[in-house]
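Please open the structure in your viewer, with the sequence panel beside it, and keep the selection tool ready. The tour below goes from stop to stop, saying at each one what to select and what is there.

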Amino acid sequence: MKFSDMDTVGLQLLDALQQDASQSNQSLAERFGLSPATCLRRVRRLREAGWIAREVAILDPERVGALLTAVIEISLDRQDAAALEAFEARVVADEAVQQCYRVSPGPDFVLIATVRDMPGYQALAQRLFTTDANVRNVKAFFSVKRAKFDPRVPLSPAS
């Protein structure tokens, strides 16, 4: 099913689950005027169709303790398909890397990484950037305040 084929209730269910996936089926059914059985079927179909990739718990960073978030720009010497794929495979496998984007124009990649502290960042840089002869330039920016974090995907129809 394509996004354009999704009905209003399907979009509302997806949005509600993005905001809080721990809601009970009964609660969702009542909220959207569905029978519990119908709601359960619809959510199951959304999962089976791949609309819901996974459900996770988002931890409160304040409870976890001090963390250092880095936004990192990476430029490579070689940008052929094999070089880009090799670098991407290595960084996405690293636990500290939370997000990885190939971008254009400018750097080749932008990463969002979270580590405990500056020695943790130095270890990350050594693992992923310093030992790779194809990494030409690394520019890291360190977050001093997170003003917004929202993993939801916008579901409003395009205007």
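This is a predicted model: local features need pLDDT of at least 70, side-chain atom pairs count only at pLDDT 80 or more; totals for chains, interfaces and linings use all residues.

Residues are numbered from 1 along each chain as its sequence is written, and side-chain values use heavy atoms, with hydrogens and water left out.

**Stop 1: the sheet**

Begin with the strands, which, like the helices, are DSSP runs numbered from the N terminus (helices are H or I with at least four residues, strands are E with at least two). Four of them form an open sheet in the order β2-β3-β1-β4, with antiparallel pairing; two strands count as paired if DSSP finds at least two bridges between them. Strands of a sheet pair through backbone hydrogen bonds, either parallel or antiparallel.

Which strands stand at the edges? They are β2 (97–102) and β4, and each has a single partner strand, so one side of each is left without a neighbour in the sheet. From one strand to the next, the twist averages 20°, where axes are lines fitted to C-alpha atoms (for helices over the stretch in contact) and angles run from 0 to 180 degrees between N-to-C directions.

Now select β2 and β3, which pair in the antiparallel sense over five bridges; if you pick Y101, you will find that its bridge partner in β3 is V110.

**Stop 2: two aromatic pairs**

The structure holds two aromatic pairs, where rings of Phe, Tyr and Trp (its six-membered ring) pair if their centres lie within 6.5 Å, and planes under 30 degrees apart count as stacked, over 60 as edge-to-face and the rest as tilted. Select F87 and F109, whose ring centres are 4.9 Å apart and whose planes stand at 50°, so this pair is tilted. F87 belongs to helix α5 (residues 81–92) and F109 to strand β3 (residues 109–115), so the pair ties together parts that are 22 residues apart in sequence. Both F87 and F109 are buried, a word that here means under 20% relative accessible area, with exposed over 50% and partly exposed in between (1.4 Å probe, protein chains only).

Next select Y121 and F142, an edge-to-face pair with 5.1 Å from centre to centre and 90° between the planes. Because Y121 lies in helix α6 (residues 118–130) and F142 in strand β4 (residues 135–142), this pair ties together parts that are 21 residues apart in sequence. Y121 counts as buried at 10% relative accessibility, whereas F142, at 32%, counts as partly exposed.

**Stop 3: the nonpolar cores**

A nonpolar core is a set of buried Ala, Val, Leu, Ile, Met, Phe, Trp, Tyr and Cys residues joined through side-chain atoms within 4.5 Å. The largest one has 20 residues, and those with the most contacts inside it are I72, I74, F87, Y121, L124 and F129; β1 (68–76), α5, β3 and α6 each supply at least two residues of this core. Centre the view on F129, which, leaving aside neighbours within four places in sequence, is in contact with residues including I72, L111, V135 and V138 (contact means heavy atoms within 4.5 Å). A second, separate core of 14 residues includes M6, A16, A29 and L155.

**Stop 4: salt bridges**

How many salt bridges does the structure hold? There are eight, each being a side-chain nitrogen of Lys or Arg within 4 Å of a carboxyl oxygen of Asp or Glu. Select D15 and R152, whose closest N and O atoms are 3.9 Å apart. D15 lies in helix α1 (residues 8–19) and R152 in the segment after β4, so the pair ties together parts that are 137 residues apart in sequence. Then select E55 and R47, whose side chains meet at 2.5 Å, N to O.

**Stop 5**

Finally, select T130 in helix α6, which counts as exposed at 55% relative accessibility. T130 and L28 are 102 residues apart in sequence and 49 Å apart in space, C-alpha to C-alpha.
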